[in-house]
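Please open the structure in your viewer and keep the sequence beside it. The tour below goes from one selection to the next.

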Amino acid sequence: MSNTRKLWTALAVLLICSFSVLLWAGGEIFRAAPPMPEKVLTQNGAVIYTRADIEQGRQVWQSMGGMQLGSIWGHGAYVAPDWSADWLHREATEVLDIWARRDDGSASYARLPAEQQAGLRGRLQEMMRANTYDPATKTITLTEDRAAALSNVAAHYISLFGNDPATAELREAYAMKESTVGTLEHRRALTAFFWWTAWAATTERAGTAAETLVPDQAGVVSNKVTYTNNWPSEPLVGNTPPPALWVWSAFSVLFLIAGIAILGWHYAVTHGRGEEGHTIPASDPFALLRITPSMRATAKYFWVVLALFLVQILLGAITAHYQVEGQEAYGFKLSDYLPYSLARTWHTQLAVLWIATAWLATGLYIGPALSGHEPKYQRFGVNFLFVSLLLIVVGGFAGQWLAVMQIMPLKFNFWFGHQGWEYADMGRFWQWYLFIGLLLWVTLVGRSLWPIFKGPTSDSKSIVALLFLSTVAIGLFYAAALMWGEHTHISEVEYWRWWLVHLWVEGFFEVFATAVMALIFTRLGLVKTSTANIAVLFATIIFMAGGVLGTLHHLYFVGTPISVVALGASFSALEVVPLAYLGFEAYHTWKLGKATPWMARYRWPVMFFIAVSFWNLVGAGLFGFLINPPLSLYYMQGLNLTALHAHTALFGVYGMLGVALVLFCLRGLRGQMVWDTKVLKVSFWTLNIGLALMGVLTLLPLGTMQLLAAIEHGYWYSRSAGFMQKPIVELLIWMRMPGDILFSVGAVALAWFVLRLWIAPKREPSIADELGPSDA
C-alpha cells in the first residue's frame, strides 16, 4: 500500500471515529441538559412563570439581538452583562437583603457583621443550590422569600428593557437603546427566560454524585455541580470551579506538551528524508493561463469582498465606540437607528461573509484554472450564485433590522428576523437560501474539476480530491445551522451551533486552505506534487485529530456532563499542537517566494500567506490555548481575552488567507496590468500592525483586568457597569484608536489597489515592446 493510500485510510478512520464520539457527546449533552419546567410555583402554589412564559421570553431575547447584546451562559457580546450571571447575583443579593431586614433588623446584608453574613450565605447556598424540580409534575417550587426576590429582580429588568428614566443611566452603560423590548408583556416574558438560565446556573444537577471518581465514605460529602458545572463564578451561592476542571486543565497541558514532542520527533525523523532534486520552471507557469468566461465572472465577487470588508471595519469602529458613549456617536443618537446589538450583529456576520465570499470565489476561479475545462453554463451559474449571495445579505440584514427595532411581529422573527445566536443570526429562510447556494457552489466547483478525476492517474488527483471533499464538507456542514427549531432546548442549539462555527470555519475551511495553497505552489512548479500530496494529507490528519472533538471546548458550561468536559479539554489541547510548528511552514513559504526571480510577481500573496502562519501561531495557538482549558475558560469566557483570541484568529488567519487568495486570483485576472506594490506593502504592514495594536493596547490588558476581577469578586462584577465604566477601562477602549486607524488604512489601501486595476490600469510592457521594432 502506498504512503498516499495509507494516509487516506488513516484520515477516513480518524474522521469516522471522531464524529462517532462527537455524536455520542451530543447525546450526553442532550441527556444532561437542564430541564424546562411546565410551571414555576411558590410553596403556596402560586404560579410565577409557565413554560410558555419562558419560551416566549427566549423568542423576545432572540428578536432584540440575543447574544449580540450581553450574553447567556458566557456566549455573546462583551459590553452589556452576562444576563445569567447578572440575574443570579441580583437574586442572591435580594434574598440576603430580605433576610437581613426581616431576621436581623439590618438595612441590608452588606451592613451585617462578617459572622452573620457567613451564616446567611450558608443558608442561601442550601436554598438556591437545592434542586426542587419534580420530573413527575415538571414543576419547580420556590420558597416565598426567593419568589419575593425574583419579583424584585424582574421589576428591575422590566424597567431596564423599557424606557424608564430610573434605569436610563444603566441602559446607556450597557449600550442599550430606549425601549429595547417594545411591550410590557414581552419584557415580563423576557424575565422568565433570564431567570431560567440563572436557575440552571445555580441548581445542582440530579445524579452528578455518580460521576465522581471518589467513592462515598462516612463523613465525606460527594461534590455536586450545577447544570452549568458551577459556572459562573459566584461566591454568594458557592459557585466555584469543580475539581474536574482543575484535573482536566492540568491534563490538557500534558497533552499539549506530549503532542508537540511527538510531532517534533516526527518532523526530525522525516524532514528531508527521501527528497529528490526538483527543477523549478524558468518562467511563471500561470503566465499563459487561459482565463475562461466563468473565471472572469468571479471578479465581481472580489469587489464585493472588499466592499463587505470596509463596511465590517466601519461597524467594528461603531461597536467599539458604543462602549464609550453608550447610545450616541459624538452627540448623535445613533442607537435610534443602528442599535449596538444590530451593529455588532452585522460586524460579526460580515467578518464571516466577506472571508467566505473570498474563498467561494477562489473555488470558482481555481476549478477551471486547474482543469482547463469550462463546463456549459458555468458562467451563468457563477453569476446566478453571485446574485443569490447579494439577496441573502440584503434580505437577511433587512430582517434583522426590523426585528431589533421591534417592528417585525414576534411570530415571524425566527424565519425572517434575528435568531439571536452569534454567527448564526440570520432568519431560517435566509439560512435555507444560503445552504442551497452553497450546494450550487459545490456543484459548480465539482463539475469544473471533473475532467481531472476522469483523466489519467496522477499525483495531483489526491490534492484535488482533498480540495473537492473540503468543498463538499463546507457546503454540507452548513446544514448544522438547520438542525434546531424555534423552541429547541438551548443546550441542543449550542451543540449544533458550534458544529457550524467550529467545524465549518476552524475545520473544513482549514483543509480547503491547505489544499488550495498546496495546489498553487505545485502548479507554479515550486513543490513536487508527490511531496505536497503527502504533506497536505498529513497536515489534514493532524488538524482534524484535535479539530473535530475540539468542538467540545465551547460546550463546557451549557449543561454538559463532566465526561464531555474531559474530552473537550483533551482534544482542544491537541488543536494547538500543529500550530506550534507553523514557524517552519512560514519559513518554507518564504523560501518558495524567493525560489526564482519570476516569483516576485507573487511576493505579496506570499507575504499574506506568511502572515497566516504567524497569526495561526499567535492568535489561534497562544491566545487560543490561553482560554481553552476548562479552568481558564471558567473565568475567561465572555471576557475580552475571548475577544482577543477571536480577533487575532478570525482575521489574522482566515482574513489574511482570504486577502492572499484574492491577490492570487487577481494575478490571473489582471496579471497583465502593472501592480502598484507600494500600495500593497502599505496594506500588508498596516493591517498586521493595526491588528497587533488592537490586541496589545486594549483587548489583552482589559481582558486581564476582567480576569482578575472575576477571580476576586465573581464573574458578574467583571462584566458589570461598575467595572466597565472605570476610567482605566475607558482609557483602554480609547487606546484602540491607533490600531483601528492603522487597520482601516490597510483595508482602504487594499481596496484602492484593486479598484485601480480596473479603473486606471496600466498594461505591463511585453518582451517585444521592450526590445523595440528593430530588435524584434
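Two strands count as paired here if DSSP finds at least two bridges between them. The model on screen is predicted.

Stop 1: Select residues 39-42, which form strand β1. Strand β1 runs antiparallel to β2, and 3 bridges join the two. Two pairs can be picked out: lysine 39 stands opposite threonine 50 in β2, and valine 40 has tyrosine 49 of β2 as its bridge partner. Now move to the turn, where 4 residues lie between the strands of this hairpin. Glycine 45 takes a positive phi near 90° there.

Stop 2

**Stop 3: helix α16.** Select residues 490-523. At 1.5 Å a residue, the 34 residues of this helix should span 50 Å, and the end C-alpha atoms are 47 Å apart, which agrees. Centre the view on leucine 503 to find a kink of about 40° in α16. Is the helix mostly buried or exposed? Of its 34 residues, 31 are buried, so α16 is largely enclosed by the rest of the structure. Just after α16, glycine 525 takes a positive phi of about 80°.

Definitions and conventions. Residues numbered from 1 in each chain as written. Predicted model: local features only at pLDDT ≥ 70, side-chain atom pairs only at ≥ 80, totals over all residues. Heavy atoms only, no water. Expected span 1.5 Å × (residues − 1). Bend = angle between axes of the 7 residues up to and from the residue. Buried < 20%, exposed > 50% of the residue type's maximum accessible area, 1.4 Å probe, protein only.
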